[in-house]
Amino acid sequence: MDQYDVVVLGAGAAGMMCAFEAGKRGRRVLLLEHGERVGRKILISGGGRCNFTNIGTKAENFLSENPHFAKSALARFTPKDFIALVEKHRIRYHEKTLGQLFCDDSAKQIVAMLEKECAEARVETRCGVSVSSVRRGGDAAGFVVETSAGKFACESVVVATGGLSIPAMGATAFGYELAREFGHAIVEPRAGLVPLVFSVDDKARWCDLAGVAFDVVARAVVQEKARRKIPAFRERLLVTHRGVSGPAVLQASSYWRPGGEVSFDTAPGLEVFRPLLAQASGRDWNSAYAALRTVLPTRMAERWVRVRANASAGDWTNAGIARLESDLHAWTLRPDGSEGFAKAEVTVGGVDTAELDARTMESKRVPGMYFIGEVVDVTGWLGGYNFQWAWASAVAAGAAA
Ligand code: FDA
């Protein structure tokens, strides 16, 4: 049986980064990937340009049962550190919006960069190899990794098999199953950064507007004793053939729970109907529509007025106008569901951080076993945060494994 110091399971963002960090320390590293090539999600990320980090990354930009867990790794490997790597490889990049950094040319450059670093650190990479199990070694010190290409013995094993999103890209539940087998708790995985699907009634009301987009402030309405503050996101909403999408919706979706509601302020920071209060006459749907058209796309303004008029919401007293105004700032929907893992950009939940060392990502239950990247219960917002977590957690483990 071939013997390695470290076997890394999964050659995505986290696995590749961890492999060469450990390799640079002189560790003999084997990187295993069941897909035909490495870094497949990186290639499709950011519309093919990879939003590889966010310069404003803070622990507050992540969801986790333990919001403090990510702090240590994020503080020790920052966006600046990753930018230094990108610059070392002469990859040109730009800030698109809200601190999001993208390649000028192609996400392929990030994968090529990671491959080059792996080669320089003498990492042995094997694709098309599926890992089926990990057992403790005979002397209970190391591990035996069983794969479709035989068994490998190692001192340390790093689980970087990612989450459940986009099964077509190779996502498996392997990391969760392995963690469970070794006694780790799993925070129930669910689809995050995912479009939401309208109820039957809302589909009939809104879906023919598919393609219409506008700025909103979106927030998941969480009924359960809101232990944590649920953030609001000011970004674009896009009406789709089945529901709503766009960055604002994707962000809110990570906090949304089945059966719950999502609320949108469709005219953030504006008082649209207030001018009607100053008028004694002309308090009617025509005036409301004229006001609404200045803030929403025409088709959406038209529909909003029609839906409210059909619901006999037109009470042109001061109180009635105030109600219309507050309706506009709290368009509340109860989605039937989300588009699920097939369309989700990330998986929320994962290996519970309670039994992981925040400095090294090592299991407190199983010395020598590490969990990094998306398989861990740390999930970033949209905007480069998920890659920053992948890099930072990988470097933490790569320095210790
Ligand atoms: P990742 O999923 O990248 O890698 C896991 C690897 O393990 C895969 O290659 C898989 O094939 C392999 N594997 C699984 N089971 C295995 C087994 N049993 N044996 C062997 N190998 C196995 N984030 C961001 O910050 N900026 C962005 O622009 C985007 N854009 C984006 C677009 C799309 C369409 C998606 C789906 C996702 C994003 N993301 C993103 C999220 C980001 O891609 C994601 O968070 C990271 O890739 C997670 O990195 P990991 O290495 O943890 O998992």
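**View 1. Seven strands make up an open sheet with antiparallel pairing.** Their order is E17-E16-E13-E14-E15-E12-E18, where a strand is a DSSP run marked E of at least two residues, numbered from the N terminus. Two strands pair if DSSP finds at least two bridges between them. At the edges sit E17 (331-333) and E18 (337-338), and each of them pairs on one side only. Before we move on: this is a predicted model, in which local features need pLDDT of at least 70 and side-chain atom pairs count only at pLDDT 80 or more, while totals for chains, interfaces and linings use all residues. Residue numbers start from 1 along each chain, as its sequence is written.

**View 2. Here we zoom in on strands E14 and E15, joined by two bridges.** E14 covers residues 233-239 and E15 covers residues 243-245, and the two run antiparallel. Which residue of E15 is the bridge partner of valine 239? Look for valine 244.

**View 3. Helix H1 (residues 13-24) packs against helix H13 (residues 385-398).** Helices are DSSP runs marked H or I of at least four residues. The axes are 8 Å apart, at an angle of about 30°; axes are lines fitted to C-alpha atoms, for helices over the stretch in contact, and angles run from 0 to 180 degrees between N-to-C directions. Among the residues making the contact are Met17 of H1 and Trp391 of H13, and residues count as in contact if their C-beta atoms, placed from the backbone, lie within 7 Å.

**View 4. On to H1 and helix H5 (residues 108-120), whose axes come within 8 Å.** They cross at roughly 25°, and that makes H1 roughly parallel to H5. How is this crossing handed, left or right? It is left-handed. Contact residues include Phe20 of H1 and Leu114 of H5.

**View 5. Around the ligand there are 37 residues.** The closest are Gly10, Gly12, Gly162, Gly170 and Gly373; a residue is near a molecule if its C-beta atom, placed from the backbone, lies within 6 Å of it. H13 gives the most to this shell, with four residues.

Definitions and conventions:
Two residues are in contact if their C-beta atoms, placed from the backbone, lie within 7 Å. Angles under 35 degrees count as roughly parallel, over 145 as roughly antiparallel, 65 to 115 as roughly perpendicular and the rest as oblique. A crossing is left-handed if the near helix is turned anticlockwise from the far one by less than a right angle, and right-handed if clockwise.
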